[in-house]
Amino acid sequence: MAIYGVLLGPPGVGKGTQAKLLAGKFNLTHISTGDILRDAVNKRTPLGLQVEEIMKSGKLVSDDIINALMEDYIKNLNDGFLLDGYPRTIGQATFLDNFLPRYGKTLNIVLAIDVDDEEIIRRLAGRRYCPTCGRGYHVIYDPPKESETCDNDGTKLIQRDDDKPETIRERLRVYRERTAPLIDYYREKNLLEVVDGSGSIEEVHGLVLEVLERKGIVDKA
Ligand code: AMP
């Protein structure tokens, strides 16, 4: 069975890391709205210019912009997908529910990764990325071989503007207010599986695989 999944959880919980591991293992496309928007900002496209300040502030881009962007991405996919950072509001979730069937797809799993706020702040504050190749690191949990330098290309690592402490608090507030209600939304649809995200990257990956196997979405290893 193909995976048509959503990864849900506060910023910094490890959605992107887990999505990349799953995309590498199974035949599916990892779609991160944050990565798409950051790329647009870096390339100074009209979309990028429109969303740059909103992203810097830790607030959400409007549902209309994001929904149109996602429909465009998803409608052309032939294989499974994992959505990372979308949907983030009830409006986005209902839009997704309405448009997927038009392209012959339906969600079959929503994985909510759960970690307490203190750990999230520690994780976000330690995140770094390479502005050349985009690879992500963490100063404690996933450090580069040489301090603050990308293993792939030697570029000096930088911190996302919105991973700075003053913005982290706002992103968590926005998550609680706008995105956390999706947990009940998907629980009522019988799609929700909560995974403890407090362990190591490999431990969390193991828990995610267990869920996918138990639900019959992937075969047992
Ligand atoms: P992320 O990398 O997922 O933490 O996203 C970074 C920023 O991009 C967010 O703080 C928002 O400003 C914007 N963004 C990403 N995904 C969405 C979405 N689904 N809806 C609205 N804004 C989004």
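**Loops, ligand and helices**

Tutor: Arg44 is placed in the loop between H2 and helix H3 (46-57). Please bear in mind that the model is predicted.

Student: Does Arg44 count as buried, partly exposed or exposed?

Tutor: The relative accessibility of Arg44 is 47%. Buried requires a value under 20% and exposed a value over 50%. Because 47% lies in between, Arg44 counts as partly exposed.

Student: What is the phi of Asn190, and does Asn190 count as buried or exposed?

Tutor: Asn190 is found in the loop between H8 and strand S7 (192-196). Although Asn190 is not a glycine, its phi is positive, at about 65°. Its relative accessibility is 64%, and exposed means over 50%. Asn190, with a phi of about 65°, therefore counts as exposed.

Student: Which residue is joined to Pro87 by a cis peptide bond?

Tutor: Pro87 lies in the loop between strand S3 (80-84) and H5. The cis bond has an omega of about -5°, and the partner of Pro87 in this bond is Tyr86.

Student: Is Gln92 buried or exposed?

Tutor: Gln92 belongs to helix H5 (residues 90-99). Leaving aside residues up to four places away in sequence, Gln92 touches Val61, Asp63, Ile66, Asn67, Tyr86 and Pro87. Its relative accessibility is 2%, and the cut-off for buried is under 20%, so Gln92 counts as buried.

Student: Which backbone nitrogen does the side chain of Gln92 reach?

Tutor: The distance for this pair is 2.8 Å. A polar contact requires N or O atoms within 3.5 Å. The backbone nitrogen reached by Gln92 belongs to Arg88.

Student: Which helix gives the most residues to the shell around the ligand?

Tutor: By class, this shell has 6 nonpolar, 4 polar and 6 charged residues. The helix that gives the most spans residues 33-42 and supplies 4 residues; it is H2.

Student: At what angle do H7 and H8 pack?

Tutor: Tyr175, Arg176, Glu177, Arg178 and Thr179 in H7 meet Pro181, Leu182 and Ile183 in H8. This contact has 4 nonpolar, 1 polar and 3 charged residues. The helix axes are 5 Å apart, and the angle is about 35°.

Note on methods
Residues numbered from 1 in each chain as written. Predicted model: local features only at pLDDT ≥ 70, side-chain atom pairs only at ≥ 80, totals over all residues. Heavy atoms only, no water. Helix = DSSP H or I, 4+ residues; strand = E, 2+ residues; numbered from the N terminus. Buried < 20%, exposed > 50% of the residue type's maximum accessible area, 1.4 Å probe, protein only. Polar contact = N/O pair within 3.5 Å; in protein donor to acceptor, adjacent residues only side chain to side chain. Contact = heavy atoms within 4.5 Å. Nonpolar A, V, L, I, M, F, W, Y, C, P; charged D, E, K, R; others polar. Axes fitted to C-alpha atoms, helices over the stretch in contact; angles between N-to-C directions.
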